[in-house]
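Visitor: Hi! I'm new to this one and would like a friendly walk through it. Could you bring it up for me?
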Amino acid sequence: MSGRRKGAEVALKDVRFNYGEMRMHFDLTVPPARIAAIIGPSGSGKSTLLNLIAGFETPQSGEILINGVDVTRIAPEERPVSMVFQDNNLFAHLDVETNVALGRSPKLKLTDADRAAVNSAIARVGLTGKEKRKPEALSGGERQRVAIARALVRNRPVLLLDEAFASLGPALRNQMLDLVKALHQEMSMTILMVTHHPEDALHLDAMLFFLENGAVTARGPARKLLSDTGPAALKRYMGTVT
Amino acid sequence: MPLAHPKPLAGALALAFLALLAGGALFSLAFEASRETGDTLAAFNPYLWRVARFTLWQALLSTALSVGLAIPVARALHAHQHFMGRAFVLRLFALPLALPALVAVFGITSIYGRAGLIAHISQYFGYGLPDIYGLTGILLAHVFFNLPLAVRLLLAGLDSIPADYWKLSAQLGMGNGARFRLIEWPAMARNLPGIMGLIFMLCVTSFTIVLTLGGGPRATTLEVAVYQSLHFDFDIGQAVALTLTQLALTLAILSAFRLTGRPTEEGFSLAVTTRRYEKLRVGEKLADLTLILLAFLFVALPIAGMVVSGLSADFARLFSDRSVWRAIATSLALGGAAALLSVILSLALVAARQAVAAAKKHPLFERALDTGASLILVVPPIVIGAGWFIWLRHFADPFVFAAPMVITVNAAMAMPFAVRLLRPVWDTTSARHDRLCAQLGISGWTRLALIRWPVLRRPLGVAFAFAMALSLGDLGTIALFGSEDVQTLPYLLLQRMSSYRTLDAAGLALILGVLSLGLMILADRGSRKESMQ
């Protein structure tokens, strides 16, 4: 975790992407070192948005800029982005240490400095002593911690969380959010997180993007959007008005 | 008493049939061995050990070659999900297993044989003629059958890799080596022992290929040696010793196989494709596509060769030959009878198992009904055939029993597959309708006609077609029991081949291939519609 990198600005300019019947159109900017929460009904395009940024999908038109550099056409590995999924973040047959080390070298050719970085990342997420465990011997929360540790050793300025904590209970989820918050303060990366829980956005004091039918229909500070004066669509989604 | 009810009774009868068929053969062998102890012991001679060694050696080589080549081909096919003709290649790879071995042998000689494609090319450039008879031919044929099988099974393993792994590998920038070591190998390795066990077993018990492509006593396996000692030398002591050795061998392999687990094609499908995100270099792409092309040619050329040489046969003459028509009629009659018997016995087992399981009173009987059908796989058809052949000759000319032997042995051999097709349907309809039928008082024949038949019709047809295709291609039993009076298509084909009437044989191979494939396609269509409902 050497060299504190400042987070990068993530911008989608007039990005169009068709997924079957669904036509999506994204135009949004997340300023450097901010946390953005993305919420919206299922099928509204939340995960697709992250997949576009990570490079797992290529838009039909428009451009994706990270730190002002057009990354629309470059391979996922070359983008300054790490992503944590809901499941399957870890290779089931590899232990914690190896799973994290893959973030440093996909061929597992590690220098001493790499090993030190791996160990300190594992320590940072609170898993010291569990380096040799296989994922099956970890709880759901611990597995996500390993995935975050790997993102730490990758040291990319943008972190994408795709419902990364959705399968955890409320207490664990809050712990993970606290971890994310602390890491964000230390490393100041730009974080985009898809979540089903608007209170996550409040917890992180994030800026909020509300998606409907493949487009952002509301944006702003979570505290403001989720208050009584927020937009009607968001209230319908929250179930506060019928 | 469960036997007071018709279903358990029918199941017990089906089990008795299997026990009698296999047990009778084993008893006959044991009896003969104990009566002629000296002869039998003397027959455990260097010849037998040499044959046993070769049996294992060729199976080992065939397995290593098939699986070793299948791994890169499966990887290449999985890395390229979208090239034109991918579905066609995968369908083609299902074909060799559906072909009778004798037909495939014909295709292989049409490419690699003395008058084959390779021979023509090699002569054109002034090189000598290739000689494939012996180990080379056996390996070629075994790889032809098992490489595509291994590719499909390995691909099923690769398809079961979670999609997120491919995203991760792309994001982490894994190269070819890392992808193989960290993602693909663990997924394939899980299936690998099962796949190797299956292929090894298929090669140890392969009869037709070794009989036709083996080269004399140097390249012969136990099964073929049993056939030769009964058919040509009439050396009973030698046959008994060989059969016992083969039995011990299959038992040993199968018990080792039990430890490895059975490979499944679960997860394999033509329709659903996994997305891969990595960017391949041009060289990698080219290597992959070349590999796929080579594997495709290896499988497609013999099949094309079989068709082309078959079509050049003189069908007018062939069809004016009464023995051809008789062989076709005999094959269809024996195959149909075997399939019918197989389906009835399998249904009896399946129905009895469900009834006994629901009653929960006789766990041992339930287990017997459960595993009875698959136990028959332990005893290769040649062993059963040889056992009965040796026994029956005490009472009459064994060739008289050709028809019942072919029907019963083939029926028994198809039962494990038929049971696997019928059981899920029977069990789910029972679970769904048992209480309703009991409440409404629907039972007996009414229930069979009204409730069971509409659901079972299709799987029964599929099982029938499959069993019939299997027995149409069988050469093991008919090779022992066949004679001038009872000739099936494979038997006639073998005769024409050994009397060098190659063009006739090619035509017959095409007829046999079309018949078996037609049935297999029918079965496949049926089972696919089944799974869609």
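Visitor: In which helix is B:S122 found?

Guide: B:S122 belongs to helix α6 (residues 117-124) of chain B. Helices here are DSSP runs of H or I with at least four residues, strands are runs of E with at least two, and both are numbered from the N terminus. Before we go on: this is a predicted model, where local features need pLDDT of at least 70, side-chain atom pairs count only at pLDDT 80 or more, and totals for chains, interfaces and linings use all residues. Residues are numbered from 1 along each chain as its sequence is written, chains are lettered from A and ligands numbered from 1 in the order in which they are written, and side-chain values use heavy atoms, with hydrogens and water left out.

Visitor: Does B:S122 count as buried or exposed?

Guide: B:S122 counts as buried, because its relative accessibility is 14%. Buried means under 20% relative accessible area, exposed means over 50%, and partly exposed lies in between, using a 1.4 Å probe and protein chains only.

Visitor: And what is B:S122 in contact with?

Guide: Leaving aside neighbours within four places in sequence, B:S122 is in contact with B:Y127 and B:G128. Contact means heavy atoms within 4.5 Å.

Visitor: What about B:Y227, where is that found?

Guide: B:Y227 sits in helix α11 (residues 222-231) of chain B. With 6% relative accessibility, B:Y227 counts as buried. Apart from neighbours within four places in sequence, its contacts are B:F207, B:L211, B:F232, B:A479 and B:L480.

Visitor: New topic: how many residues of chain B are in contact with chain A?

Guide: 18 residues of chain B are in contact with 26 residues of chain A. The two chains bury about 2100 Å² between them, with 59% from carbon and sulfur atoms. Buried area is the accessible area (1.4 Å probe) that two parts lose on being put together, summed over both.

Visitor: Which element of chain B gives the most there?

Guide: On the side of chain B that touches chain A, two or more residues come from each of α8 (163-172) and α9 (176-204) of chain B. α8(B) gives the most, with 7 residues.

Visitor: Now chain A. Which domains does the assignment give?

Guide: Chain A has domain 1 (26-80 + 156-242) and domain 2 (91-155), with bounds that come from an automatic or database domain assignment. Their contact takes 16 residues from domain 1 of chain A and 11 residues from domain 2 of chain A.

Visitor: How many salt bridges does the rule find across that interface?

Guide: The rule finds 1 salt bridge between domain 1 of chain A and domain 2 of chain A. A salt bridge is a side-chain nitrogen of Lys or Arg within 4 Å of a carboxyl oxygen of Asp or Glu.

Visitor: Last one: why is α4(A) described as largely enclosed?

Guide: 13 of the 15 residues of α4(A) are buried, so the rest of the structure largely encloses this helix. Helix α4 covers residues 140-154 of chain A, and its end C-alpha atoms are 22 Å apart, which agrees with the 21 Å it should span at 1.5 Å a residue. That expected span is 1.5 Å times one less than the number of residues. Just after α4(A), A:N155 takes a positive phi of about 55°.
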